[in-house]
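The structure comes first, and a short report follows.

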Amino acid sequence: MTSTTSDTNMTAETAPVRFDTKIAVVLRDDLQPWQRLNVTAFLVSGLGSELPEVIGEPYADADGTPYLPMFRQPVLVFEGTKETLTAAHARALSRALPRAVFTSDLFTTGNDRDNRAAVRAVPKDQLDLVGLAVYGPRNAVDKVIKGARMHP
């Protein structure tokens, strides 16, 4: 038996899912298209590896072929100026939200060890950020990314 949601003819199974959390990526607006894609992929991989609650169940097609699980909710991608990214980073830190960073230096490295060393070499207030991923309660993430606009 299916229960219906209040004030609609939708069933609980067909009603839109509303998340009380948000996954947001903010990219610097001067990146090349390939850089935007690369930075986004790297940033969200950090969230999935540390926050198991963001990962859904594995997939399978009608033939039973298994596929890896993915995020259980949308990833919203925004863009902003260097200053917008710096401010978002500071707000994410002040709210202690889970976050991942991508700096301009990472375009010149070729492996995880060198990536981590490049970030470690620069104080947090001097990072040349080109991307930031953040996860947390919707309202808190909205405050962190204030000033960024949806990616076109």
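## Helix α1

Helices (H or I, at least four residues) and strands (E, at least two) are DSSP runs, numbered from the N terminus.

This is a predicted model: local features need pLDDT of at least 70, side-chain atom pairs count only at pLDDT 80 or more, and totals for chains, interfaces and linings use all residues. Residues are numbered from 1 along each chain as its sequence is written, and side-chain values use heavy atoms, leaving out hydrogens and water.

## Two faces

Gln35, Arg36, Val39, Thr40, Leu43, Val44 and Leu47 are the buried residues of α1. They lie on the same side of α1, because their arc around the axis is only 140°, taken from the directions from the helix axis to the C-beta atoms. Trp34, Leu37 and Ser49 are exposed on the face turned away from that buried side. Buried means under 20% relative accessible area, exposed over 50%, and partly exposed in between (1.4 Å probe, protein chains only).

The buried residues of α1 pack against β1, β4 (75–80), β5 and β6. Beyond its neighbours within four places in sequence, Leu47 is in contact (heavy atoms within 4.5 Å) with Ile23, Val54, Pro98, Ala133, Val134 and Tyr135.

## Nonpolar cores

The largest nonpolar core has 17 residues, and Val25, Val39, Leu43, Leu47, Phe102, Ala133 and Tyr135 touch the most other members. Two or more residues come from each of β1 (21–28), α1 (33–50), β5 (99–103) and β6 (129–137), with α1 giving the most, 4 residues. Such a core is a set of buried Ala, Val, Leu, Ile, Met, Phe, Trp, Tyr and Cys residues joined through side-chain atoms within 4.5 Å.
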